[in-house]
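Q: I am new to this structure and would like to go through it step by step. Could we begin once it is on the screen?

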Amino acid sequence: MELALCTISFRHHLVSLAELALWARNHGFSGIELWGAHARHLADQPQYNADWLATFGLRVPMISDYLPTEGPAAEWRRQTQALCHLARRWGAPRIRTFAGRKGSMETPPAERAAVVAALREQCLIAADHGLRLLVETHPGTLADNGASILQLLDEVDHSAFGLNFDTLHVWEGGDDPLELLTQTRSRVDYFHLKNVSERARLGVFAPGNVYAAAGCRQGMVPLFEGCVDYRDFLAPLLNDPDACASLEWFGPDAFTVLRQDRQAIAELGRPLAACG
């Protein structure tokens with residue numbers, strides 16, 4: 001299992017990518033998942049790329065962004081192409097997006113079909129670049145519960161299409177993460193790992209709160225101190241060479257929590273191996 005940290009964890013920090021790379025290397029991470037906004041802001045600094053990051057023994061397993069699936073097709077095609085070019089620069093095999101902007105129960109059939117058609121075309125673009133397009137399991141999208149996720153995989157029906165399995169959000173949607181993983185494992189290409197103190201606190205992960213510098217952080221807890229049982233969830237993945245994941249921490253004291261969570265995973269008793 002490969003384990004990365006996310007640059008989005010440092011969205012409100014004054015810290016350079018070089019500092020993050022040095023810290024990640026020294027604390028046992030194998031990669032850095034780049035937030036799309038950060039990748040774009042580095043676009044005019046060509047010295048930062050996959051070769052540069054490899055000097056730290058690290059790679060970018062995924063660039064995480066928010067591709068539109070509505071509006072003028074020419075625009076979301078342009079944005080998809082641009083994101084693919086960034087991914088190629090960083091040697092990232094995956095790009096992450098979301099399946100629309102409404103929950104599955106709030107999306108009319110015609111609107112769902114339009115989202116599916118856009119995702120399929122985005123998969124074609126990604127495949128042309130040798131990349132995979134992943135949608136994140138997330139509330140407020142078509143990937144908000146198990147039934148809709150399975151339907152979406154069948155609807156898009158493309159070999160470059162897969163899931164970024166956000167374990168907490170799967171639990172939030174009412175599904176048992178291990179059961180849904182069993183049903184979708186062949187299409188799960190990445191994992192996001194985070195936890196919450198209680199179900200009533202799930203609102204702290206709403207985008208409007210997470211991205212606000214003054215947003216509430218109460219309820220965001222280290223990986224093994226929350227409602228989702230990551231000991232059972234991670235047990236079958238730790239020795240899986242195809243399992244790749246990021247610790248997605250949005251709370252305070254990022255360096256401390258990431259270091260402690262990385263160590264806690266290592267202490268589960270199974271070694272972490274590199275992922276191809």
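Q: In which sense do strand β3 and strand β4 pair?
A: This is a predicted model, in which local features need pLDDT of at least 70, side-chain atom pairs count only at pLDDT 80 or more, and totals for chains, interfaces and linings use all residues. Residues are numbered from 1 along each chain as its sequence is written, and side-chain values use heavy atoms, with hydrogens and water left out. Strand β3 (residues 63–64) and strand β4 (residues 94–97) pair in the parallel sense over two bridges. Strands are DSSP runs of E with at least two residues, helices are runs of H or I with at least four, and both are numbered from the N terminus. Two strands pair if DSSP finds at least two bridges between them.

Q: Which residue in β4 is the bridge partner of serine 64?
A: Serine 64 has arginine 96 as its bridge partner in β4.

Q: How many strands close into a barrel, and in what order?
A: Eight strands do, with parallel pairing, in the order β1-β2-β3-β4-β5-β6-β7-β10.

Q: Which strands does helix α11 touch?
A: Helix α11 (residues 254–266) packs on the sheet and touches β1 (2–6) and β10 (244–247). Its direction makes about 145° with that of β10.

Q: Changing topic, at what angle do α5 and α6 pack?
A: Helix α5 (residues 109–128) and helix α6 (residues 146–156) pack at about 55°, with their axes 9 Å apart. Axes are lines fitted to C-alpha atoms, for helices over the stretch in contact, and angles run from 0 to 180 degrees between N-to-C directions. The angle therefore makes α5 oblique to α6 (under 35 degrees is roughly parallel, over 145 roughly antiparallel, 65 to 115 roughly perpendicular, and the rest oblique).

Q: Which residues make that contact of α5 and α6?
A: Arg112, Val116, Leu119, Arg120 and Cys123 of α5 meet Ser148, Gln151, Leu152, Glu155 and Val156 of α6, where contact means heavy atoms within 4.5 Å.

Q: And how do the axes of α6 and α8 cross?
A: The axes of α6 and helix α8 (residues 177–184) come within 11 Å and cross at roughly 15°, which makes α6 roughly parallel to α8. Gly146, Ile149, Leu150 and Leu153 of α6 make the contact with Leu180, Gln183 and Thr184 of α8.

Q: What does UniProt annotate for residues 23–261?
A: An unreviewed UniProt entry carries the annotation "domain: Xylose isomerase-like TIM barrel" for residues 23–261. Over residues 23–261 the chain is 40% helix and 15% strand, and the end C-alpha atoms are 14 Å apart.

Technical notes:
UniProt positions are given in the numbering used here, feature names are shortened, and annotations may be inferred rather than shown by experiment.
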